[in-house]
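Here is a short briefing to read alongside the sequence and the 3D view. Please keep both open as you go through the points.

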Amino acid sequence: MIPRVHDAGKRTIGLLYYLYGPGTHEEHIDPHLVAAWDSLAPDPGRDPDATYGDLQRLLDQPVEALPERDQPTEHVWHLSVRAAPEDPILSDEQWGEIARRMVAATGIAPAGDPAGCRWAAVRHADDHIHIIATIVREDGRQARLRYDGKRSQAEARLIEEDYGLRRLNTGDGTAAQRPTSAERHKADRRNRERTPREELRETVRRAVAGATSEDEFFDRLGAAGLLVRRRIAPSGDLLGYTVALTDDRNRDGEPIFYSGSKLAPDLSLPRIRERWSGDAEPSQNSDSRPSRDPRSAASGAATARRRTAQAAWQAVLVIDHGADAVVAAHIAAAGEVLDALAKTSAAHTRKQLREAALAFERASRSHVRAERGHDRALRQAARDLVYSGPALGRGEDGATTAMLIDMVFFLVVAAANWHGKKEHAQQAAAARQAADHLRAAYRAAAGAPMGALYQRGRHLARPLQRKQAEYLRQAVPELAVQILAEPGWYALAATLADAEAAGHEPAVLLAEAAGRRELGTAESVSDVLVWRLRRMADLPADPSTMPLADDGTTAPSTSPTARPTTDRKEQRRKGR
């Protein structure tokens, strides 16, 4: 159940005309009262002898009883209460009781207070009501309405429990502003999937992903086809910006512009600048670091995805064990990675990755202030993804996409767990929703590379299959039975064989991969271990690029990037 306090103004009769009228798009059906401060209040919807003016005069009587100098300028209060789409249709009696609970909770008409404000609840649709009230009480005092929005939300949670309705999560004031009813109706009328506000929010988020300067950010907005206005102070300093879609115009034919802060709290120019404040070079309008020049970004989509997977893994460890301000920065940067990944994804994963990015947007903000700078690696990874260009859905591009999605899934789950511990209910729910979309994206991305690895594993000589199984039992005895029963076991066996051919000790590498973080949230433990091993051992994600020997094993590697496990452990021991 979603209550919302609206700016109502000073004309009681104007709001009544809207509530009882046909609506902007004839969407109001059978408008009528379901409850009021007085059971004998006139109902212009059902009583042919009652008029809007009759109800307006009664509602306004306490206001007009005051001397004109004491009358509040804006005396109308307006609250809408909407049920969730999956909730059952409530009766008029139920909606009437909900209205009484809302006016009591918000301070309009406290329970047991005969001098409360006058109010009326109008129903003109199955799924919601509107409550109109005047804020002067019967005793001439003004109602105490501070935090009325928060109080209405708290009462909504109790109503959901009492009526068995869908339980929504309490917000913390950091969510992006929802589209208005007028914006939604306009989008429906034009057959748009989303409102201009939502389209602009996604486009601006993608433009800021990995950006390192104002010039780059505004260049990206222009390249995306948006109309951009910059707000300049008399001193010449840039204060802010607004954006518009070229085809979203008002009745005068003028573009409808939105400021960044109206799209989302973290898209105002000052908040965007905070992302750049943690860069090694603090200049806002210069971009001199060689590694940040688009021409020296990742050489290809596969390379960018592999680097991003490594950055995502390091971020998981930070979220698990880092300070709150540092964790908040990494979660915000994870949103940039998801935006960049969705922007550069192949067609078969694009929809789910886009939905994951849209869902995680809500998880990327909380009241914990991010300490920028620590998230530099993730923001650089997002930048690499953007400048590496769109990925192909096959070969090494497709396989490294599956590797990256697998790693980002754990990053998003870690964010959900952190938000859950902090009691950030909406953010935790949003991260879990993003994880569900990432699971679906992973299935689409991993089919071909995991299928190829499965075939390689199936064609290993039997003695070699038994050898890989023994490595598994040595490294992770507690998981061996489960992994051997999974369809992905053969892909893992092929990966262990590839790692051994590259000079690694399979049992040692496998134990390290399994011990780095819990595996309980994985749908397939073998899949997770495949991608961890191939990343740790610097193995190609696409197995088709690796030649096979006669016995089904990988031919010995001559790649300079493949470092044996023992060498890596010795380097760590020596402090290199």
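**Overall picture**

Of the 576 residues in the protein, 52% are buried, where buried means under 20% relative accessible area, exposed over 50% and partly exposed in between (1.4 Å probe, protein chains only). This is a predicted model, in which local features need pLDDT of at least 70 and side-chain atom pairs count only at pLDDT 80 or more, while totals for chains, interfaces and linings use all residues. Residues are numbered from 1 along each chain as its sequence is written, and side-chain values use heavy atoms, with hydrogens and water left out.

**Fold and surface**

- The secondary structure comprises 21 helices and eight strands; helices (H or I, at least four residues) and strands (E, at least two) are DSSP runs, numbered from the N terminus.
- Among contacts between residues at least 6 apart in sequence, 71% join residues at least 24 apart; a contact here means heavy atoms within 4.5 Å.

**Salt bridges**

- The whole structure holds 42 salt bridges, each being a side-chain nitrogen of Lys or Arg within 4 Å of a carboxyl oxygen of Asp or Glu.
- Glu97 pairs with Arg100 in one of them, with the closest N and O atoms 3.6 Å apart. Both residues lie in helix 3 (residues 92–106), three residues apart, which is about one turn of the helix.
- Glu97 counts as partly exposed because its relative accessibility is 33%, and Arg100 is partly exposed because its relative accessible area is 39%.
- Arg101 and Glu155 also meet through their side chains in a salt bridge, at 2.9 Å from N to O. This pair links distant parts of the chain, with Arg101 in helix 3 and Glu155 in helix 4 (residues 148–163), 54 residues apart.
- At 17% relative accessibility, Arg101 is buried, and Glu155 is buried as well, with a relative accessible area of 14%.

**A salt-bridge network**

- Arg205 forms a salt bridge with Asp339, their closest N and O atoms being 3.2 Å apart. Arg205 belongs to helix 6 (residues 196–208) and Asp339 to helix 11 (residues 324–343), so the pair ties together parts that are 134 residues apart in sequence.
- Both Arg205 and Asp339 are buried.
- Through salt bridges that share partners, Arg205, Asp266, Arg275, Glu336, Asp339, Glu361, Arg365 and Arg379 are joined into one network.

**Loop residues worth a look**

- Ser524 sits in the loop between helix 19 (506–515) and helix 20 (525–536), and it counts as buried because its relative accessibility is 18%.
- The side chain of Ser524 makes a polar contact of 3.4 Å with the side chain of Glu486 and another, of 3.1 Å, with the side chain of Asp527. A polar contact is a pair of N or O atoms within 3.5 Å; within protein, one must be able to donate a hydrogen and the other to accept it, and residues adjacent in sequence count only if both atoms are side-chain atoms.
- Asn191 is not a glycine, yet its phi is positive, near 60 degrees. Asn191 is placed in the loop between helix 5 (181–189) and helix 6, and is exposed, with a relative accessible area of 73%.
- Asp538, also not a glycine, has a positive phi of about 55 degrees. Asp538 is found in the loop between helix 20 and helix 21 (565–573), and at 29% relative accessibility it is partly exposed.
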